[in-house]
Amino acid sequence: MLHAFNQKGVRRVLCNRHEEHTNNKNEDAITSMVFSPLAFMRAVDAWLVVKTLLGPDLLSDYATRHPNAHEIQLWPNGLKAQARNGDSTSRCEPDLVMQFQFDDIRSLIITWEMKWTWIMATNELLYEIVREQEAIKKAYPRSRRLIVALTQTAGPIKRAGVINIRWTDVHRIAHQLKSETFATPVREWGKQVSTFLEKAKQISFSGFHTLSVEKIKFQFTEQPK
Amino acid sequence: MNECNIFKSFLNSDTTWREVERLSEEAPEMFHKTGLSLDLQENDYDEASFQDVIASSSCYSYKLFLPKSKKHRGLLIAFEMYRPVSHSSWEHSNSALITCAYTPAYKDLWSLQMVLADENGYPADDYTRDNCYLYPDVPELVVWGEKNNTTERPKVPLDETDWFFSIPLSTISNRQAFFEKIVLPCSSLLKGTEPASALAVSNAVRFNEWSKK
């Protein structure tokens, strides 16, 4: 929430009673609630969270490596891509750009485009993503690049290189990372983020379990006819 | 704190329906891992009033695409939570079931009513009983068509005919269980694996032969 408060003027989260609390602000607030903490973790801890979120979509060269440094930028300034009219360039602001550096392999840039409750046509979302790909390529020409569309219910972006993740997947992964086997910062992230996403009603399928309950017996006296 | 079984019953019901909804949204992603592409279309909810009790069930229908095929096939995932039971010896008469029902043409998709089981392990629907039979030696698999004798298999492969199988819902305790008991068997059947092998580890319920009914 710190980044959203400082950079986007967000003052509330998951609160729809106030007119000034637009959907746009909600999206920024939630992005910051979930991803700002990664900026303050050690690179290896932030990497574990990101690696688990990406799962098999992570480039195989990187799956077994450990980063030596990282940078988490929310709504970075200064990126540009071709404007809609095609003649000029205009400002391009991905929601989140992560950079991980390694000793023996090119750095990896992961760009995230977030959508919360916006109903957006798949081609519009794809248009934003294509611009972001272009802007990131210009800014980081020597790095390997991945782009992620993190949405609630939007249809998958079927384009090579775009990884589709849902907020419910983030809940599932956060729930997994609560386990005692992980380092404290990762475990704490898992605990807090899974609780937050439960409050935000972004809960993943966790199986069918029932409380034990005895058969209920009712004894009503039949009314005389 | 007071213990109230009525409260607990409704809590169970609420929790279960929420998990059903989540599973229906996450199912396409799990099928995608086996190369099957699913697109959620609609859901249906049914409350059948019978003998003064309410039987609850619901289903979700998906358009299904096989690899390298543009044909709109269909998959129905149905949840049968309860059925009236009086006297039954069928092992699963008191079990909630999840059913995976396939059709080679989406427009002819199974309806919810057609894939429900009765307390004796027969399809509850007359139309299903009249038009389907149990796959030879695999009583877990109900197949569309007319059976001429007890050993005759369908004349077309299983990706070209309609079928369904059911699993006790309580065994779907996490995503991995859904993948192993529903997604993999379904994918294997469509790829031509022998039904006995495809359903071997699924714990699919064995239906009873209804022609003997």
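# Reading a two-chain predicted model

Buried residues make up 51% of the 213 residues in chain B. This is a predicted model.

User: Where do I start with chain B? How many helices and strands does chain B have?

Analyst: Count the elements, then read their order. Chain B has 4 helices and 7 strands. From the N terminus, the order is α-β-β-β-β-α-β-β-β-α-α.

User: What share of the contacts in chain B join residues at least 24 apart?

Analyst: Take the contacts between residues at least 6 apart in sequence. In chain B, 60% of these join residues at least 24 apart.

User: And the surface? What part of the accessible surface of chain B belongs to carbon and sulfur atoms?

Analyst: The accessible surface of chain B is about 10,800 Å². Carbon and sulfur atoms account for 49% of that area.

User: Is B:C100 buried or exposed?

Analyst: Look at relative accessibility. B:C100 has 0%, so it counts as buried. In chain A, A:C92 is also buried, with a relative accessible area of 4%.

User: Let me try aromatic rings. How many aromatic pairs does the structure hold?

Analyst: Look for ring centres, then for the angle between planes. The structure holds 17 aromatic pairs over all chains. One of them joins A:F208 and B:F79. Their centres are 6.3 Å apart, with 50° between the planes, and the pair is tilted. This pair crosses between chains. A:F208 lies in the segment after α7 of chain A, and B:F79 lies in strand β3 (residues 73–80) of chain B.

User: Are A:F208 and B:F79 buried or exposed?

Analyst: Read each residue in turn. A:F208 counts as buried, at 8% relative accessibility. B:F79 is buried too, with a relative accessible area of 0%.

User: Which residues form one aromatic cluster in chain B?

Analyst: The cluster is made of B:W90, B:W110, B:Y127, B:W144, B:F164 and B:F207.

User: Back to chain A. Where does A:Q202 lie?

Analyst: A:Q202 lies in the segment after α7 (184–199) of chain A. A:Q202 counts as buried, at 8% relative accessibility. Leave out residues up to four places away in sequence. A:Q202 then touches A:W116, A:Q152, A:W167, A:T168, A:H171 and A:L197.

User: Is A:F220 buried or exposed?

Analyst: A:F220 has a relative accessible area of 72%, so it is exposed. A:F220 lies in the segment after α7 of chain A.

User: Which residues make the nonpolar surface patch with A:F220?

Analyst: A:F218, A:F220, B:I6 and B:F10 make this patch, of about 520 Å².

User: One last case. How many residues apart in sequence are A:A139 and A:L79?

Analyst: Compare sequence with space. A:A139 and A:L79 are 60 residues apart in sequence, and 7.2 Å apart in space, C-alpha to C-alpha. A:A139 lies in helix α5 (residues 122–139) of chain A. A:A139 is partly exposed, with a relative accessible area of 40%.

How values were computed. Residues numbered from 1 in each chain as written. Chains lettered and ligands numbered in written order. Predicted model: local features only at pLDDT ≥ 70, side-chain atom pairs only at ≥ 80, totals over all residues. Heavy atoms only, no water. Buried < 20%, exposed > 50% of the residue type's maximum accessible area, 1.4 Å probe, protein only. Helix = DSSP H or I, 4+ residues; strand = E, 2+ residues; numbered from the N terminus. Contact = heavy atoms within 4.5 Å. Patch = residues over 30% accessible without salt bridge, like charges linked within 9 Å, V, L, I, M, F, W, Y side chains within 5 Å. Areas by Shrake-Rupley, 256 points an atom, 1.4 Å probe, with all protein chains shown as cover. Salt bridge = Lys/Arg side-chain N within 4 Å of Asp/Glu carboxyl O. Phe/Tyr/Trp six-rings, centres within 6.5 Å; stacked < 30°, edge-to-face > 60°.
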